[in-house]
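Please read it alongside the sequence and the coordinates.

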Amino acid sequence: MDNGYKPELHDENAGIPALRPESPDETSAPDPAANSSARRLDAFAAAETSDPAANGSTRHLNAFAPAETSDPAAKVRKARSGHARTTKKKSPPKARWTHYVPQILLALLALCALSGALRIWLAERSGDSAYAAGHGGATTGSAIPQTGAAASSGTGSGANDSGSLGGDRVAGSQIGSDGSFLAGTDIPGAGPGPGPSQSPGNSGPAQGESATTLNIDTPETAAAAGLAATALRDAALLAAGYDYDGAIALLNETPGISGTVEVRAKIEEYEQIKTTLVRVNPVTVTHVFFHSLVMDNALAFDGDSREKGYNQVMTTKSEFMKIIQSMYDRGYVLVRLHDLAYEVKDADGGVSFKGGDVMLPPGKTAFVMSQDDVCYYDYMKGDGFATRMVVGDDGKPTCEMELADGSVVTGAYDLVPLLEEFIESHPDFSYRGARAVIAFTGYEGILGYRTATSYSDSPTYASDRKEAARVAQALRDAGWELASHSWGHLNMGAISYEKFKTDTDKWESEVESLIGPTDIILFPFGSDIGDWKPYTHENERYDYLYRQGFRYFCNVDSSVNWVQLGKDSYRQGRRNLDGYRMYYDIIQPDLTKRKTEDLFHAEDVFDPDRPTPVPPM
Ligand SMILES: [Zn+2]
């Protein structure tokens, strides 16, 4: 079986998409300048879309060589068979009624404290100071030395304490009671739950009972209303992310609220929307990808040897924001690769791949997003990019960027935090918490940390690996999917089989050991390990990657969609949304021939800071 990539192959087979090159990118002659003077630029992919014949082993020799001599892979390689690692379908975080147990307890506690305080107040008024003193000691959890403290702590923790949010924080944003999204605010009333508390009302001395004359209807109603409001807000956030089942379950299962008119109306509304949902066909989903975003155009487009590559294959921040705004406006919804298809166990113990059941309202279109080479390579320093990813104060992944004066700033300096911010204010841009796929090579390290073994003499090697692992976990926790982009940024179809295996093993030992099990590979240079025909295990490269646990295989293809749902894997083409693609769309007057018109209008997006013409690949 010939596993070679055939750039000249075109689709002449009805119903089966061709794996064809990014014309004219992959068929054009390699640019000699790019291979000589801009040697480091090739590493970032000088282009995912460049001539595969020119890449292979030679273009990355520079990057590949340093660690080629040692093979730590053998030490760390996991002994796993093809079936040992099953694909895990990640479920988005769901708010269940059980999440409200702490709130319910708090509400009860507040009620008790309120009634207790009032009783104390009443008792004191009636001169029964013995009750007041005895009662204070009976309350579990917090000492209530005097009446005033009891009242304030009781009401404070029960209703809307926005202090520590424990595990009930919902995605960092909430929906106002009118359904509007309030970015950057916390879900109230979700403080850490107290342990089982003694109710003052039950444990109080008998003489206290006789003093109870207060009407507790008011606080009880207020607490129930507070619970309902919180549940409605959380349900609205789930529904905004198309998890109507989760929203309905939350409202149905939160005790004491399902009878209210407002809650019943919402449940009915969500049930009604559910009847209108349309299943996404997993083989018609488009996939767009980016590299590190240019944050400072003046530094990236400064006329140095790397400008050309940046101009071709990078996207600026302003372009990225306009692209996702346009896609949002046109009804696109980000989904996970793992939502589109996943491995299932058959009754006979075997496994097969099943298309997912992504359900969206009519008019919405699913898409997948990925970002390659999220490594912040050395060659990018000083060129206007982030320098590394870090875990922010809120526990979410964000970026650091070193400025020209050497100072370091933290914030939304690349795709990950920018997309997080966008989804926070547009939760309906993400299907059930979906985020993009983030892909890493290994030859320098990942996420801006120098984690490759060639850096093992570095004083920061150990701390770099630890921090990179922490950021990777934060990415997973936030819904991002992590992927291989090969260790040495190699053309995985063109290199020798021995080199292919070595590279795969090195990626697993140096990168997967940091980020955890991964089943997605995004091939560099838009290469592939096979032609347009579906993979079979006779293809030794496919078989090897499969046995290493990979199930999702992505090349580069400018078609709106290029998908194969195989018997045991999912294969998808990806579309580069970069300077090259947009520029050549803009000079294409026939809109029907453009490659991006379904997503945005290139003229509206293209950054005027770019030097033009953008050089051809
Ligand atoms: Zn790449």
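Which residues of the largest nonpolar core touch the most other members?

1. The core. This is a predicted model, in which local features need pLDDT of at least 70, side-chain atom pairs count only at pLDDT 80 or more, and totals for chains, interfaces and linings use all residues. Residues are numbered from 1 along each chain as its sequence is written. The largest nonpolar core has 124 residues, and Ala235, Ala247, Val335, Val437, Ile438 and Leu447 touch the most other members. A nonpolar core is a set of buried Ala, Val, Leu, Ile, Met, Phe, Trp, Tyr and Cys residues joined through C-beta atoms within 7 Å. A residue is buried if 20 or more other C-beta atoms lie within 10 Å of its own, exposed if 12 or fewer, and partly exposed in between, with C-beta atoms placed from the backbone. Helix H10 (residues 217-240) gives the most to this core, namely ten residues. Because domain 1 (25-69 + 280-605) and domain 2 (97-276) both give residues to the core, it lies between them; the domain bounds come from an automatic or database domain assignment.

2. Surroundings of Val437. Beyond its neighbours within four places in sequence, Val437 is in contact with Leu337, Val368, Ser370, Glu481, Ala483, Ile520 and Leu522. Contact here requires C-beta atoms, placed from the backbone, to lie within 7 Å.

3. Confidence. The predictor's confidence in each residue is its pLDDT, from 0 to 100. The chain has a mean pLDDT of 75, and 65% of its residues reach 70 or more. Over residues 1-95 pLDDT stays under 50, and the model has 189 contacts beyond four places in sequence for them. Residues 108-216 also stay under 50, with 169 such contacts.

4. Overall make-up. The chain contains 22 helices and 20 strands, which are DSSP runs numbered from the N terminus (helices: H or I, at least four residues; strands: E, at least two). Of its 617 residues, 49% count as buried. Among contacts between residues at least 6 apart in sequence, 73% join residues at least 24 apart.

5. Helix H12. The 16 residues of H12 (residues 261-276) should span 22 Å at 1.5 Å a residue, and the end C-alpha atoms are 23 Å apart, which agrees. The expected span is 1.5 Å times one less than the number of residues. Val263, Lys266 and Tyr270 are buried in H12. They cover an arc of only 60° around the axis, which puts them on the same side of H12; the arc is that of the directions from the helix axis to the C-beta atoms. The face turned away from this buried side carries the exposed residues Val261, Ala265, Glu268, Glu271, Gln272, Thr275 and Thr276.

6. Helix H18. The buried residues of H18 include Asp464, Arg465 and Glu467, as well as Ala468 and Val471. Among the elements covering the buried residues of H18 are strand E15 (437-440), strand E16 (481-484) and helix H19 (497-515). Gly479 follows H18 and has a positive phi, near 105°.

7. Backbone geometry. Most residues other than glycine have a negative phi, and most peptide bonds are trans. Arg432 has a positive phi near 50° and sits in the loop between helix H17 (415-425) and E15. Phe525, with a positive phi of about 60°, is buried, with 32 other C-beta atoms within 10 Å. The peptide bond from Thr612 to Pro613 is cis, with omega near -5°.

Conventions. Contact = placed C-beta atoms within 7 Å.
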